[in-house]
Amino acid sequence: MSQEIDQTPDTEEAATGGLASRGRLLRGRAWGAPVLVVGGLLAAALGATWLSREEIAANLIERELDSLGLEARYDIVRIGPSEQVIRNLVIGDPARPDLTVKELRIATRLSWGLPGVGRITVVKPRLYGSWHDGKLSFGSLDKAMAGGGSAPFEMPDYDLAVEDGRALIDSDHGRIGVKLAGAGELRDGFSGELAALSPVLTGGGCTTGPATLYGKLTTSAGKPRFAGPVRLASLTCSAQDLRLGKTAVQLDLTLDKALDGASGKMELAVGAVRYGAQKLAGGSGSGRFTYRDNALSATYRIAGRRLDTPQARLAQVTLEGRARSTGGLARFDIDADLTGREMALGSTVDRALLSAQQTAAGTLGAPIAAQVRQNLAREMRGSTVNASLLVRNSGDGLNLVVTRGSLKGGSGTSVLSLSRVQALFRGKGRAPRVTGNFTTGGRGLPQAWGRMEMGEGGRIAMNASMADYRAGTAMVGVPRVAMEQAGDGALSFNGQVVLSGDVPGGNARNLLLPVDGNWGADGRLAVWRRCTDVSFDALSFSNLVIDKRKLTLCPARGGAIVEGRPDNLLLAAGATSLDLSGHLGETSVRIASGPIGFAMGGAKPGVIKASAIKVALGPADTASHFTVSQLDAQVGKEIAGTFDDADISLAAVPLDMRQAAGRWRYANGVASIEGAQFTLVDREPVARFQPMIARDATLRLADNRITAQALLREPASDRAVARADIVHDLSKADGHADLAVDSLVFDDKLQPDALSRTVLGIVSDLKGVVRGTGRIDWNARGVTSRGRFATDGVDFAAALGPVRQLSGNIVFTDLLGMVTAPNQSVHIASMNPGIEVTDGTISYELRPGYNLIVNGGKWPFMNGTLTLDPARMQIGAAETRYYTLRVAGLDAADFVQHLELTNINASGVFDGELPMIFDEHGGRIENGFLRSRDPGGNVSYVGALTYKDLSAMGNFAFDALKSVNYRKMEIGLGGSLSGDIVTRISFDGLSQGQGASKNFITKQVAKLPIRFIVNIKAPFFSLFGSMRSLYDPTYVTDPRVLGLLNSDGSRSNGRPDATINVAPPAQQPAPAQSGAIQPPVSEKKP
Amino acid sequence: QRTPEYAAARAAGQVGEQRDGYLGVVSGGADISAMVRDINNKRRSVYTSAAQGKSTIEEYAFTTGCKLIRDTKAGEKYQGLDGSWKTRGGGAPELDPRCP
Amino acid sequence: CIQVAAPDKPIVIELNINIRQEVVYRLAADAAKTVEQNEGIF
């Protein structure tokens, strides 16, 4: 008696007891006529055996047990011809029996005369077995099992009835309790109820919840068949992170006769399934399978509800197909048609798109990712998936083939379709090899297609392309990209990408970017190893737009433009030169540069270094030029850096900035410069002012408007000259500059010619403070400037002699051209062209070309006034200038008093004219005259005569003339102001003045019409000096001081007194020694 | 002391001492004449204040001129009696008889 | 007594006064001092 136990671990051992194999020996084959003879014999034998049935039975069982080597104990109850009953059969160790049977009834029947075994009824059998590491053993019954020869196993031919049969299998997977009840011909017609129960089964890292199996066990034609539900409360495999909810399998299994094969069908209903990140709400399925010769072939149809994988969620998924396996499950292949409904993108895909959208914020990537995400979500609603898959577990790994697969969006168009996709999974840790074609589409989704091929040596080549995909103004397209994966997983790629839309810091239109590089197996990425031509239709940064251009960007030597690990990318690119054109707002701009380099990456902000930059802003003929020889910048949230040795010349502004350097910053559309130093230079060929320097100047460029502030200093003295506030509109090329001169001090460290060469020779040794404001306006039509300057008092030396405390203010209508408004006035405390005149006011006007128009001047003079007639003078020119001074109301008494001639008295009021001529030699009067007003006046000498040796005649004349009244006096003047004046005084209507000694002669003479003419030719100045010395010894300077006498009073070794009388040449003084009058010299006190 | 431009102009003989005590332009462009005008302004201002109470400005200037011509170095220019420019040689310069 | 008839034409008495000072010699030292004090412009 042997029973082949089916190897499949999960089928319980059928509890038919050890006797099943016994019947197989008695069956014979019936053959025609001889059968009758044999039949008769059989009948006789039968009768004989009936009598000895007890022994037969006894020894039948006995013999059987002995032959099985089973040690059994049992009580025979009854051995009858038709039934043998034994009770309390115990097989195995009585303490731990392997099998106990409460009652065993064997009905015997005659078949062909031989005593055959009829129905065997086993009542309450209790079988104890164990199943360890794959070996099922029933203790001592195992020996019985070993039977069975080479012939294919067949069900034992018994008619068996089991009542309340129970078995307990203790296996390393858990304890299984089995109950069996049923009856019938084992080979054909057995029918019973089989139930198995196990609280927990463990195995292969999985544990189940309570599992039950319950169903009808029938056999027909030698094949046992079990049909009934198998229920599993739960199945948890921590190793594979698999958890199965409540599972019920409606099994209908038919085993082969030899139990070495089976076939059947099953209905499956599964509760919640969780496998790793994949979840299934519930599933049902059905399948038919046959398992024979170690080969399984099955067809199945599984429907799952709410499959949820990180990648995608499917409301419904059905898998239908066939599965075949050979060699157990070692090699199997499953083909399946998968259909899914209501696919929704898994959270990972959505999260990936969302994070792409966030990281690409501010660039074209954001709207594109957002639109893809939104359209994808819409397409997913009502989407259907169908694919035909083939999973083959061949020798070297799991091979998944998707012969055809497509995901149709809600709109009906295909979102993703795969064809001839093959993926080879070679086990843990090795990248899967995927080959095949894919196309993507769908309403509002990128249309892309690609092919992947398995190259030789395990290399995979893929090339794909994507049609331009637009989202608003953003666009991305991949005309072509080819990727190749080497055996070790290193990926190299090259292709072309075209982009439009916002890029960090700006916007690009149709930026065509060839992409080539590789992604090493070690995770290092390197893109653009060689110089790459980048072209774009337009590239704009806030309001700077660069026109269509092709640029060649090169990596730093040996490296790639972009390299590093994906989380720490370094970018370093350079160009040997730039030649761009475009627009800044509405203004055209051309940018050219020498080598320029840009690097960024890691934690540090990006760095730009550029040299020899030339920017021309505006139309060619009126362009503003910026040339910068060194520029560098750090690119972080904002762009900031320094520039050096730059020249800036704004077209409409007549001033240029040279050698500018400083710090600059560019943030949200505003470019600003701080701490700038530069030299301001007048662009006119004949510079109207000398270069001035500025430090810490600031400039700001926003919306096409430049505003700048600078404190301009004179370089040598470093003295602040003027604060400039400049505003310039680049697009309209107009603007203005406000100049403020707070208090500009002129002294020996700063002279006006240091500010403007044009003043050299006009104003020298200027001392004093000047303040004022200026305004220069410029636009396309030209430059206008105006200003208002003032001084409370400056001293300077001019061609016509030193000037003291000139004060007043001057309003310029053209500051740069030095043109003033009409009748400006200035007050001059003192001016000394030879004769000091004080407290003058001059009204003047400066006309274009440094043309000075003197409207007039007025000086109080000797109680009268000196007025200057209008005159014209070309500043800076060496020319002869003609002026006319008018004298009005000169009071002789005041005149004498002014000159402190205490011993002379004079009266009378004079008017006159002094025509003067000024040239580079100085000023001189030509035929000037003073005329006394009626009724004339008196000149008298009131001092005591101190010189005794005056001749008699002299005395007489002196006495007579001591006091002279005149009715009319006319003084003629001529000669150099700073030299000798020839004075011709003529008195008319003379009479002796009061106090003059009168005598007969003088009375007579008084009546005579005498015109008394005195020609005095002497230094106008010293004329008075010498008269005074006549009577005032203190008025004489100590000769020693003059160096004429040595300190000891001896005559100095100066040339001896000599009398030379030389007629004075026009400008030479002609001092000559003459006259006996002791040369008087004195310090004149004003 | 003298500004570099002035010293250079003297050494180069572009300017010379006139008998009237002022500087004269021998040869040279606008810059030289502007510089000479500036120097003469300063000399006139010095003469004006120095001559106060002593002499006329011209006399003071003339006297100083004599000294300046006497002090010219070899190669420098000075104005001769006939008004023309002379180059100072090794010996004494040609002086106005009236010089002290 | 003597009557002097007043001629119709005025009697012109012309008196030339040439006031000369011998100045130059006295100024030489002073001039030297001035040059020394303002060597920048001499």
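**Structural features of the predicted model**

A:V37 is part of helix α1 of chain A, which spans residues 34-51. The model is predicted. At a relative accessible area of 58%, A:V37 is exposed, because the cut-off for that class is over 50%. Together with A:V38 and A:L41, A:V37 forms a nonpolar surface patch. The accessible area of this patch is about 290 Å² in total.

The model has an ipTM of 0.84 and a pTM of 0.61. Chain C has an average pLDDT of 71. In chain C, 40% of the residues reach a pLDDT of at least 70.

Chain A contains 1086 residues, of which 45% are buried. Its secondary structure consists of 11 helices and 68 strands. Among chain A contacts with a separation of 6 or more, 46% join residues 24 or more positions apart.

Strand pairing was examined at several places in chain A. Strand β24 (residues 414-425) and strand β25 (residues 433-440) of chain A run antiparallel and are joined by seven bridges. Within this pairing, A:L418 stands opposite A:F438 of β25(A). Strand β25(A) also pairs with β26 (residues 448-454) of chain A. That pairing is antiparallel too, with five bridges. Here A:T440 faces A:A448 of β26(A).

Further along chain A, four strands make up an open sheet. Their order is β60-β63-β64-β67, and the pairing is antiparallel. Strands β60 (904-906) and β67 (991-992) of chain A are the edges, each pairing on one side only. Strand β63 (residues 937-941) of chain A is joined to strand β64 (residues 963-966) of chain A by four bridges in the antiparallel sense. A:V939 stands opposite A:V964 of β64(A).

A:G606 belongs to strand β41 of chain A, residues 606-617. The relative accessibility of A:G606 is 1%, so this glycine counts as buried. Beyond its neighbours within four places in sequence, A:G606 contacts A:A599, A:M600, A:A633, A:Q634 and A:V635. The C-alpha atoms of A:G606 and A:L571 are 8.6 Å apart. These two residues are separated by 35 residues along the chain.

A:D718 is partly exposed at 29% relative accessible area. A:R695 is also partly exposed, at 37%.

A second salt bridge in chain A connects A:E845 and A:R847 at 3.1 Å, N to O. The two partners fall into separate accessibility classes. A:E845 is buried at 12% relative accessibility, while A:R847 is partly exposed at 35%. Elsewhere in chain A, salt bridges link A:R87, A:E103, A:R105 and A:E163 into a network.

In chain B, the side chains of B:E17 and B:R43 meet in a salt bridge of 2.7 Å, N to O. B:E17 is in strand β1 (residues 15-17) of chain B and B:R43 is in helix α2 (residues 30-51) of chain B, so the pair ties together parts 26 residues apart in sequence. Both B:E17 and B:R43 are buried.

B:E17 also belongs to the surroundings of B:T72. B:T72 is located in the loop between α3 (57-70) and β3 (77-79) of chain B. B:T72 has a relative accessible area of 4% and is therefore buried. Neighbours within four places in sequence aside, B:T72 contacts B:R10, B:E17, B:K77, B:Y78 and B:R88.

B:D96 lies in the segment after β4 (85-87) of chain B. With 6% relative accessibility, B:D96 is likewise buried. B:D96 touches B:R19, B:F62 and B:L81, when residues up to four places away in sequence are not counted.

Note on methods: Residues numbered from 1 in each chain as written. Chains lettered and ligands numbered in written order. Predicted model: local features only at pLDDT ≥ 70, side-chain atom pairs only at ≥ 80, totals over all residues. Heavy atoms only, no water. Pairing = 2+ DSSP bridges. Helix = DSSP H or I, 4+ residues; strand = E, 2+ residues; numbered from the N terminus. pLDDT = per-residue confidence, 0-100. Buried < 20%, exposed > 50% of the residue type's maximum accessible area, 1.4 Å probe, protein only. Contact = heavy atoms within 4.5 Å. Patch = residues over 30% accessible without salt bridge, like charges linked within 9 Å, V, L, I, M, F, W, Y side chains within 5 Å. Areas by Shrake-Rupley, 256 points an atom, 1.4 Å probe, with all protein chains shown as cover. Salt bridge = Lys/Arg side-chain N within 4 Å of Asp/Glu carboxyl O.
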